[in-house]
Amino acid sequence: VVVEEEKKIDPTALFKIGYGLYVVTCNDGNKHNGQIVNTVSQVANNPDRIAVNINKANYSADVIRKTGVMNVNCLDESAPFHVFEHFGFQSGRDVNTFADCMPGRSENGLVILPRYINAYFSLSVEQYIDLDTHGMFICAGTEAQNLSKVETMTYTYYQSNVKPKPQPAKKKGWVCKICGYALDRRRVCHHEEPHDRGPRDSGEG
């Protein structure tokens, strides 16, 4: 059977790969920074090696390449949406992500989130692999603590339970005050005909 080239790879198949959600913290020498990442994995043991992938355009990628250290904060299922807004929708180049926060510190001096995490890892970079759009940091662990039994936040859980759902569009035009029916040119509800409206109904209702 001949398979057309464009049909050999279905991009939606990649959606089946599981991801967690983490806040990676670092320090540029002047301020702490944090960003959301979804690709952290243990890739070897004896000794343990942790791989962290970060978009090369992100400020944290530049900082970690220079300093060689980072913390990985494992978000748990209690993390609210504002955590993802704060660490995922703005850049450390433009803002101080910890300006209004009193976080803890690990032994390497980097930030540990004060809540919404079930574990953290302090990592030292041993190898960097350029993957075009992203950089992979292969790291050794220098410190790790298990903080709670709350399940780790997965990308699937975030999409289903944390990320706000789109709001339905508001009804436009004439809307019946009794049943909420909106005029759609084809029919009207039986409570009040638009052509029966008097001056009292001339405005928005």
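Select helix α1, residues 59-67, in this predicted model. Helix α1 lies across β1 (22-27), β2, β4, β5 (69-75), β8 (117-131) and β9 (134-146), and its direction runs at about 55° to β1. Next, highlight helix α2, residues 81-88, which also packs on the sheet. Its contacts are with β1, β2 and β5, and it makes about 115° with the direction of β2.

Now display the strands themselves. Seven of them form an open sheet in the order β2-β1-β5-β8-β9-β4-β3, with antiparallel pairing. At the edges, each pairing on one side only, are β2 (32-37) and β3 (40-44). From one strand to the next, the twist averages 35°.

Move to β3 and its neighbour β4, residues 49-55: four bridges join them in the antiparallel sense. To see one bridge, select A44 together with R49, its partner in β4.

Finally, select H82, H86, F87, C101 and R115, which lie nearest the centre of the second largest pocket. This pocket holds about 280 Å³ of space and is lined by 14 residues. Its lining divides into eight nonpolar, four polar and two charged residues.

How values were computed
Residues are numbered from 1 along each chain as its sequence is written. This is a predicted model: local features need pLDDT of at least 70, side-chain atom pairs count only at pLDDT 80 or more; totals for chains, interfaces and linings use all residues. Side-chain values use heavy atoms; hydrogens and water are left out. Two strands pair if DSSP finds at least two bridges between them. Helices (H or I, at least four residues) and strands (E, at least two) are DSSP runs, numbered from the N terminus. Axes are lines fitted to C-alpha atoms, for helices over the stretch in contact, and angles run from 0 to 180 degrees between N-to-C directions. Contact means heavy atoms within 4.5 Å. On a 1 Å grid over the protein atoms alone, a cavity is a set of points where a 1.4 Å probe fits but cannot get out, and a pocket is an open set with protein on both sides within 12 Å along at least five of seven lines; lining residues have an atom within 4 Å of a point. Grid points are joined across faces, edges and corners, and a volume is the space filled by probe spheres set on the points. Ala, Val, Leu, Ile, Met, Phe, Trp, Tyr, Cys and Pro count as nonpolar, Asp, Glu, Lys and Arg as charged, and the others, Gly among them, as polar.
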